[in-house]
Every structure is written in C-alpha cells, then in structure tokens.
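Biologist: Pick one part of this model and take me through it slowly, side chain by side chain. I'd like the cut-offs as you go.

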Amino acid sequence: MPEEEKTPEQWRELLRTTYDYPEEIKDAPRRRRRRLRREHRHGERARTAEWIKAERRREPTTPAVALVVVAVILVAGVLARFGPQWFSDDGRASSVTASASPSPAGDDDKAPGTASASPSASPSPSASVDLSDPDTVAKEFTRHYLTRNPPVDNDHTAAVRRAAPWAMPALVENLANSSDPAWEKLVSQGGVSTVTAVTAKPPAESLRLPPDTPLRKWRTVTATVHVAGYTDDTQRTTLQTELTNTGDGWHVSRILGV
C-alpha cells in the first residue's frame, strides 16, 4: 500500500524532490542523463520558487472577479467539448465515453487484462460521477485509487482506470506509466485492499501550500485502508491532492509524493 501518513517536514521534502523528467532525458545515455536530470531539477526548483512567490503576492480574489473567472472557465469548457463538432471538415465528431461505477467492485468483476478505457486518458464522467465539489472529488478519487485486488486487477493500472473519472488526463497517464511500489508490496503480501473510510480537509498551514482559488484547491485526504492477505492489517494513508476546476467540474490534477 502507499506509504503511511507523513509529517509536514516530509511533505515539504517531497515538494523539493519530486520531479517528472521529460522523455528526452529518460531516453538519453546514462552518463548524460545524470547531468540533464540535475539541470532539470535546478530549473524546476527555480520555477517553483518564483511561482510560490507570485501566488503569495497575489491579491485575494473578490467575489466579482471570481464570478467572471468562473464564467470564463465555463465558456472554455463548452468550447472544448463542442468545438470539434462545430469546426470539423465533414461536420461529424466522434467521442469516446466511459461510465464510472460508483463502487470500485464494478471493475473487479472483469477478467484480468480487460480495460474499459485507455489509461492515458480520463474517461468522460457519467451522471453518477459528481464533479461539483472538490472535497467529494478528492475522496472518491482516493477511494477508487486505493481499493485494489491484485488477483483480479492483474496490474496497478486497473485502480488508475477506476479513479480516472475524478482525475486530469495528465495525472492518469503519469500514474499508469509509472511503477507503483505500493502495488508491489501489496502483491508480496498476498493482499487485497479496501478503503473503509475517507476524509478530506484543507491542508495544514505548516505545509505552506498555495491558498485556494476559484480554479485550484489543495486537500489533505486521509483514508483508512484494510488489507486482507497473509496477515490482516489496517493502515492510514494520507494523500496531499491538488484539484483543478476544468470548467466541467473539479478533477485531481496532482498528488504530492506519488
């Protein structure tokens, strides 16, 4: 399972040390790769420091400005959804949708290797997926992502697909294409994990995360996870999640330390 709850000092360390390296760096020769990674980390730290300074200098959003920003985002969401139909050469548009089950067990009934959607893209949410409230989105993403059944799921991407309706496509792709030590540990334990409780709340001030805005919020999500395997165990797992308002609802766009 994912690592247990971290202290504020550990989360600040993750903010300094978690990087997503570009493909050109991953494909570079080994000797050159180390230098490129060092330069990339230096640049990321500099950009992050400037971003945090800009966020802290930013004046609080007034109600009038917030309404204008939300209206612009909603219009952008409509254009993003229907734009291809208006401007396609032949007047036709195709879309791929996937309905999300309100319970992770819905996907567990499938045979291993059966995928309901590509792990590189987030399925379009069905009516059963509530994206209107960031707290609900953060909790549902965590509940589906941490509920895992290795004998049925086959690999960790099954949990990623189940959580995809509540996440941004970039995060889904990153999780699906990255190794998952928590999955490997669960397999070695012969375990099946089930989330029995989950809560979401604003992060502690000691983490010094950016303040909430109409477009982005941070939530500390704590899940109680029961593992049934060679030995039964109950764990508490905490995820620091960033949520972004995409115009058609809130989505988890980042997880610190994952």
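**Charged pairs and the sheet**

Modeller: Let's start with Arg-162 and Asp-153, whose side chains meet in a salt bridge at 3.0 Å, N to O (a side-chain nitrogen of Lys or Arg within 4 Å of a carboxyl oxygen of Asp or Glu). Keep in mind that this is a predicted model, where local features need pLDDT of at least 70 and side-chain atom pairs count only at pLDDT 80 or more, while totals for chains, interfaces and linings use all residues. Residues are numbered from 1 along each chain as its sequence is written, and side-chain values use heavy atoms, with hydrogens and water left out.

Both partners of that pair are buried: Arg-162 at 4% relative accessibility and Asp-153 at 6%. Buried here means under 20% relative accessible area, exposed over 50% and partly exposed in between, with a 1.4 Å probe and protein chains only.

A search of the whole structure turns up five salt bridges. Another one of them joins Arg-219 and Asp-135, at 2.5 Å from N to O. Arg-219 sits in strand β2 and Asp-135 in helix α6, so this pair ties together parts that lie 84 residues apart in sequence. As a general point, side chains of opposite charge can pair when their charged atoms come close.

Four strands form an open sheet in the order β1-β2-β3-β4, with antiparallel pairing (two strands pair if DSSP finds at least two bridges between them). At the edges are β1 (192-201) and β4 (250-256), each of which pairs on one side only. Direction ignored, neighbouring strands of this sheet are turned by 35° against each other on average. Strand β3, residues 233-245, and β4 pair in the antiparallel sense over six bridges, and Thr-241 stands opposite Ile-255 in β4.

Helix α6, residues 134-146, lies across β1, β2 (216-228), β3 and β4, and runs at about 165° to β1. (Axes are lines fitted to C-alpha atoms, for helices over the stretch in contact, with angles from 0 to 180 degrees between N-to-C directions; contact is heavy atoms within 4.5 Å.)

In soluble globular proteins, nonpolar side chains tend to be buried together.

Take Val-137: leaving aside neighbours within four places in sequence, Val-137 is in contact with Asp-130, Leu-131, Trp-166, Leu-243, Trp-250, His-251 and Val-252. His-251, found in strand β4, is buried, with a relative accessible area of 7%. Outside four places in sequence, the contacts of His-251 include Leu-131, Pro-165, Trp-166, Met-168 and Leu-243. The His-251 side chain also has a polar contact of 3.3 Å with the side chain of Thr-246. (That is a pair of N or O atoms within 3.5 Å; within protein, one must be able to donate a hydrogen and the other to accept it, and residues adjacent in sequence count only if both atoms are side-chain atoms.)

Over in strand β3 there's Gln-235, buried with a relative accessible area of 6%. The side chains of Gln-235 and Asp-233 are joined by a polar contact of 3.1 Å.

Last stop: Leu-186, in helix α10, residues 181-188. Leu-186 is buried, with a relative accessible area of 0%. Leu-186 and Ala-228 are 42 residues apart in sequence and 9.6 Å apart in space, C-alpha to C-alpha.

Terms used
Helices (H or I, at least four residues) and strands (E, at least two) are DSSP runs, numbered from the N terminus.
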